[in-house]
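Please open the structure in the viewer and keep the selection tool at hand. The tour moves from one selection to the next and states what is to be found at each stop.

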Amino acid sequence: MGGSANLVPPLFEQGALDDFKQSGRTLLASISPRDDSLAIYAASNTPPSSLLPPELLKAAREKGVEILDSEDGLKAVSKLAIDYVNFCKECCFYASQDNVTRTEPLQYDAEHYRKLYTCFSLFSVLYLSDSGLEDVPVGDELMEWLNTHFIEPSTEEGDQLSKLDRPWEDETFGPTLQGETTLRGLSKASAFFLDVLSNHPSTNLPQLSKHLIPLLTHHPRLHQFVTEREFAIASRRWRDKVKALRIELDRVPEDDRQDDFENWWQSFSDIVAVLEGRADVLKRSARISVQIGRKYVPPGASSSTQAPQERLAVSQALSEAARLDKWLAAHFADFMEPLELIDKEPDDSDLSPRSQYVLDYAQYLHSDPALWRIAVDYMCSCGDVGKEMADQVLMRVPLGLRRGADETAAEEESERIRAGALPDVFKEISETCREYQREEIRRMICRVAAQTFMQEKNYGLAVSYCASAEDWPGLGRIVDRILDEYVVQGPEKYARLVANIAPSLQALRKGGGAYGVFLYRLQFAVRFAEFHQWRIRGDLQDAAFHLVAMFREDVAPKAWWAVMLSCAVELLQTDESMLFTSADACMLMQKLQEISTHTAQGAGEDYLPVLAQTTKSGGEKHALQLLQVVRLVLARYYARCGVIGVGGKNVQATPCADLNDVLERYTTGVLPSRRPDDGLTKTHDDADL
């Protein structure tokens, strides 16, 4: 199989890669759960923030607050619904523009967004009234919605009728005046057509039209009055005027009710009947059937008080919304639950109706991996079941930690990450886990990151993420891997690889906790690397000081004593200065003697394997030979200390023994020393050491 593949059709033309990047898109791939086929596609880097679930409803659910118990809560929910309506309207307007250059094709056409705009507007009218108007009929608002979203008559029809000299003779004049302008409350359009009737040849119709116009243009509306009482008085007076017009209409003689074209009296009577509110005429006059009822959702109402047919209608509305767009159904359900229009209790699937629709939309979002953050937001709002689904999403989000095949393109981001900066995706995942208290998932992701950095030998970040995950056994494995680098790669490369672990070590020291054994081994790995850094830079005095300090502070594991003693040979043989005091040299000889004694007693496995691995043969015999060299070098150094008096005020020369005598005694296992009080030479055997 070749190393490349061609996409048909191509995402962009050859040489247009820079334009593709500047468009704010990225290349993504997803495996189909149906047949395991691979889909490669372009997706936006920045998902639309307007699709995020309502923060108000989200906070209310988390705190157990009932929206209906608060007037401010109802106002906020109503405003939120209006924001959604405006969002749908903007989408519809944007999609309907033909002269706009778009970076990518629209997901839906303008007609689809118009339907969303229409549906959400109707939902807002029916269920989210202004504060204090919960029990008021919504006829006016519903009629305004109808006239906004379903315009009748059309502009072309109105212009055509207005241009006629005798428009009442047109077959569309009566239905337009009766069923489309009067019934819809379009008072200005109705007044215009009624004014045309002033030229009608009938002796009664012009006068009747003149009386009807003020009834249409001055129809009392609730929002026009300060109190309901004022509205009721004005409505009663208006109905009295309608009754007077009906009486005047009934007085028209039978021979004057017909013109050369039609029975004008019947058409006019139907208009008056619409104002009277006669149901049979309303149904007959309407060209579309619109059911107008009362909305009643009192603040303290419970789900059990709703009529079964109302609950069935709400359920059917959600089903129809889901067929149109999963987004619409999810957000309808998100509003309906706090408004107590649907049940809050879960069914046999442990999901409430709201959760079912929201999770359905969240799974649809997850089909685009770039929208994982939004999908998780929706899922985590759906109880334990939703959070478990969100966990699965979070665990599968690519962290972007590995170096890509295109080293040149990824170099800047790669260097930024390896300099200690968190990758954006990983930062988002961590913030999301903390926001929704998914601590176990955060730790699991940190463990994955630690393993990734360990494989790339970025041990500083590996230790940091392992500590963040509180994975102490994992930290132990990282330390083992670090120390293995010394055996495999040598001291120079080992020192470079461990150079950036120190900050993580300091953080672990401050944190405390039950990980002392791992911290102890990590501390040795860092200190041993620092020793080699000083040695490589030529700071031999500092190197010698820290080598001794590791022994005295009991930082070094016994398995590494032999390696450290072999590293001391270079420092012991330098001609520039005496780097160790006689006390230091004596301490090193004691450590060496302990290794020799325990090895002779059959415990060499505790001391020699690491040193043996650094030799060519990798055997214990070769390791013992190296230690013999160390013994010889230490004996010579100790003898020099005694001859030239190195080691401070309490260390004096050994006049009774020359250099050769010291070498012979130490190499055979006997070390000369003397008591400060009597100046006599004393012989120490292995036990004394």
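The model is predicted, so local features need pLDDT of at least 70 and side-chain atom pairs count only at pLDDT 80 or more, while totals for chains, interfaces and linings use all residues. Residues are numbered from 1 along each chain as its sequence is written, and side-chain values use heavy atoms, with hydrogens and water left out.

**Stop 1: helix α14**

Select residues 326-336, which form α14. Helices are DSSP runs of H or I with at least four residues, numbered from the N terminus. Is this helix mostly covered or mostly exposed? It is mostly covered, since 10 of its 11 residues are buried. Buried means under 20% relative accessible area, exposed means over 50%, and partly exposed lies in between (1.4 Å probe, protein chains only). Among the buried residues are W327, H331, D334 and M336.

**Stop 2: two charged patches**

Select D347, D348, D350, D384 and E388, which gather in a patch of negative charge on the surface. Patches are made of residues with over 30% relative accessible area and no salt bridge; like charges are joined within 9 Å, and nonpolar side chains (Val, Leu, Ile, Met, Phe, Trp, Tyr) within 5 Å. D347 sits in the loop between α14 and α15 (353-366). With a relative accessible area of 38%, D347 is partly exposed.

Then select R229, R236, R237, R239, K241 and K243, which form a positive surface patch. K243 belongs to helix α10 (residues 228-250), and K243 is exposed because its relative accessible area is 54%.

**Stop 3: salt bridges**

A salt bridge is a side-chain nitrogen of Lys or Arg within 4 Å of a carboxyl oxygen of Asp or Glu. How many salt bridges does this rule give? The count comes to 24.

Select R373 and E435, whose side chains meet in a salt bridge (3.0 Å, N to O). This pair links distant parts of the chain: R373 lies in helix α16 (residues 372-379) and E435 in helix α19 (residues 424-435), 62 residues apart.

Now select D391 and R438, joined by a salt bridge whose closest N and O atoms are 2.8 Å apart. Here too, distant parts of the chain are linked, with D391 in helix α17 (residues 383-395) and R438 in the loop between α19 and α20 (439-455), 47 residues apart. Both D391 and R438 are buried.

Continue to R442 and E439, which form a salt bridge with the closest N and O atoms 2.6 Å apart. The two are separated by about one helical turn because they are three residues apart in helix α20. R442 counts as buried at 6% relative accessibility, whereas E439, at 33%, counts as partly exposed.

**Stop 4: a tryptophan**

Finally, select W264 in helix α11 (residues 264-276). Is W264 buried or exposed? At 4% relative accessibility, W264 counts as buried.

How values were computed:
Areas by Shrake-Rupley, 256 points an atom, 1.4 Å probe, with all protein chains shown as cover. Lys, Arg positive; Asp, Glu negative; His and termini not counted. Charge placed at Lys NZ, Arg CZ, Asp CG, Glu CD.
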